[in-house]
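Reader: Hi! Could you walk me through this structure? I'd like to start with a sheet.

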Amino acid sequence: MSAELRVEGLRRGFGGAVVLDGIDLTVPAGGCVALLGPSGTGKSTVLRLVAGLDTPDAGRVTAGGRDLSGLAPERRGTALVGQRPRLFPHLSVLDNVAFPLAVAGRRRGAARAEAAGHLDLVGLGDLARRRPATLSGGQEQRVALARALAANPAVLLLDEPFSALDPGVRAEMHRLLADLRSAVSPTVLLVTHDRQEAAALADTVAVLLDGRIAQHDAVEALHTRPASLAVHRFLGGLVEVPGRVEDGAHVSALGRLVLPCPAPAGPGVLVVRQEAVGLVTAGDPAADATGAVGRVAPRGARSLVEVTTAAGTLAAEAGPGLAPPVGATVGLVLPVAQRWVVAQPAAG
Amino acid sequence: MSRVAPARRRAGVAPRVALLLAWFAVPLVPLLLWAAADRWSYPAVLPTDWGTTGWRQALDQGALPALGRSVLLGLAVAALATPAGAMAGRALALHRVPARRVVEALLLAPVAVPPFAVVMGLTTLALRLAIPAGAGLVVVLAVSAVPYTVFVMRAAYAGHDVGMEEEARTLGAGPRAVLLRVHLPLLAPALATAAFLAFLVGWSDYVVTLVVGGGRLVTLPMLVGALSSATGNDAVVAAVSLTAVLPPLALLVATALLARRGAR
């Protein structure tokens, strides 16, 4: 019974400080949207407002066209799973999952039978009789997911559900969530501060910056066509070339760089993902910029190469064993298709 | 190394636990012996005549009705002081309380002020208002028990995760279902401990019962006091004292078991 979730003009302040300044967000029925933002920007507050655990100063939330304003949390059909798996310690694993069914008035036998199905769905059918305290962190979070699904929610709200888990377990949980989505296709609103997690789990990602949705788009579009310099930086973008747009080209200290699509004339910052920037030899005619390697930082198998150019420090990612030595003069290629211009933020 | 450490620690703990148990148990040994002695003349190490005279005399002196009154008194005090302590503890732990220090001091005051000092004045008041002695006694003892229940419940609420109840709400549980299926089960061990302490306040009180009841309300401690000062018959005193020890001991075990179940 997944339903479209629609959040309109949601505002919430705490003691004079505005935390959410008009949030608009739509999660299509059966879709998964990740709400991505730095810590302390009110991502969890959005979930609490949707779940009815907190009251907005303005704005409204609808699920499947039903206005949820003023409804008590238990009448909204918005099950919440938090970062800590809050299983009831006095109930067995099976009775934890059966809890939403029991409070809905189902008979104990029927509730347990249905709960067993949900427990199987998360692959923990064998642990039905165990106490929550005897489970591992990953197992506990699986049970918490099964319990939330047992409530048959219109919208499933996940608040950093996997951030406290070990990386290996987290990857496992990502696969599980993907499986659950294809099995029961709930509508999911996922809050996370982890860009990789957002990219791995969600259909689209909404970036929450300064109390507003700065951009809501597909993952790739967020990276290659950010709506603002803030979004580009928040997503880890390191290549910024200040300049101005003239006649379909960006003019800066690097010279005139042709743009793949029209951009409004005037001041603008050229951004390219460092992953897309090519490293070539200094004399290569294809090079858009030339400079000395200032720093090489390993990033797993790849390395991040910082190059000091006429337009400031730019960056490129080099494959395994391909990073040039520090001090070497190299050329950088900013591929035309990857170029994108964002507005120059106001000074200060 | 890590496999050896717990075993070694256990080996170090055992003698200390044994010592502690002995500390509690040793005073009970003469009591047990006296309760089973018909005669115990001075130089003998063990009673010279075994028998149940002490118990029969205790029954004759009204030990059973006194036991009943003490149980009722303890239960009534627990029934009043536990919910009061839960509410105050919850407020102190989870909410903003105006003049918090003053409130905390007031809640602790009954421990600091000797109860008979308060009771002397209250008795006259209770007599004038024609409040039955039993009811007055329960109320006064409940007030002396509140500091203990507040202390226990406050600690319990400080460690209580409100998020647990919030998630239960989002899973479809209304306030009533959350109270019955989540809140009370989670706090059951603490509530049991608080109730146990409050029960003990009523169970073991002597002074307040004497003053408010005017000597007509005979509870178990009153009986022990009367018998030990009057007869000099150690067997009957031992029998009544044992009766006074066993119920709290049984409750203590029950509370501990409940707390362990809650911790798992």
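**Sheets, cores and helices**

Author: Happy to. Six strands of chain A form an open sheet in the order β6-β7-β8-β3-β9-β10, and the pairing is mixed. Strands here are DSSP runs of E with at least two residues, helices are runs of H or I with at least four, and both are numbered from the N terminus. Two strands pair if DSSP finds at least two bridges between them.

Reader: Which are the edge strands?

Author: β6 (78-81) and β10 (212-217) of chain A, each of which pairs on one side only. Ignoring direction, neighbouring strands of this sheet are turned by 20° against each other on average, with axes being lines fitted to C-alpha atoms (for helices over the stretch in contact) and angles running from 0 to 180 degrees between N-to-C directions.

Author: Before we go on, this is a predicted model, in which local features need pLDDT of at least 70 and side-chain atom pairs count only at pLDDT 80 or more, while totals for chains, interfaces and linings use all residues. Residues are numbered from 1 along each chain as its sequence is written, and chains are lettered from A and ligands numbered from 1 in the order in which they are written.

Reader: Thanks. How many bridges join β9 of chain A and β10(A)?

Author: Five, in the antiparallel sense, with β9(A) covering residues 204-209. V205(A) stands opposite D217(A) of β10(A).

Reader: And what does β16 of chain A pair with?

Author: β16(A), residues 289-299, has four antiparallel bridges to β19(A), residues 329-333, where T290(A) has G331(A) as its bridge partner. Seven bridges join β16(A) to β17(A), residues 302-309, also antiparallel. R299(A) stands opposite R302(A) in β17(A). The β16(A)-β17(A) hairpin has two residues between the strands, and G300(A) takes a positive phi near 65° there.

Reader: Changing topic: is α2 of chain A mostly buried or exposed?

Author: Mostly covered: 10 of the 11 residues in α2(A), 93-103, are buried. Buried means 20 or more other C-beta atoms within 10 Å of the residue's own, exposed means 12 or fewer, and partly exposed is in between, with C-beta atoms placed from the backbone. Among the buried ones are N96(A), F99(A) and P100(A). Just after this helix, G105(A) has a positive phi of about 95°.

Reader: What covers the buried residues of α2(A)?

Author: The cover includes α3 (108-121) and α4 (137-150) of chain A, together with α9 (175-204) of chain B.

Reader: Which residues have the most contacts inside the largest nonpolar core?

Author: L35(A), L157(A), L189(A) and L190(A), in a core of 79 residues. The largest share, eight residues, comes from α2(A). Such a core is a set of buried Ala, Val, Leu, Ile, Met, Phe, Trp, Tyr and Cys residues joined through C-beta atoms within 7 Å. Apart from it lies another core of 39 residues, including A84(B) and Y148(B).

Reader: What about chain B, how many helices and strands does it have?

Author: Chain B has 12 helices and two strands. Of its 264 residues, 37% count as buried. An unreviewed UniProt entry lists "transmembrane region" for several stretches of chain B, including 71-93 and 206-228; positions follow the numbering used here, feature names are shortened, and annotations may be inferred rather than shown by experiment. Residues 71-93 of chain B are 100% helix, with the end C-alpha atoms 31 Å apart. Over 206-228 of chain B, helix makes up 70% and the end C-alpha atoms are 14 Å apart.

Definitions and conventions
Contact = placed C-beta atoms within 7 Å.
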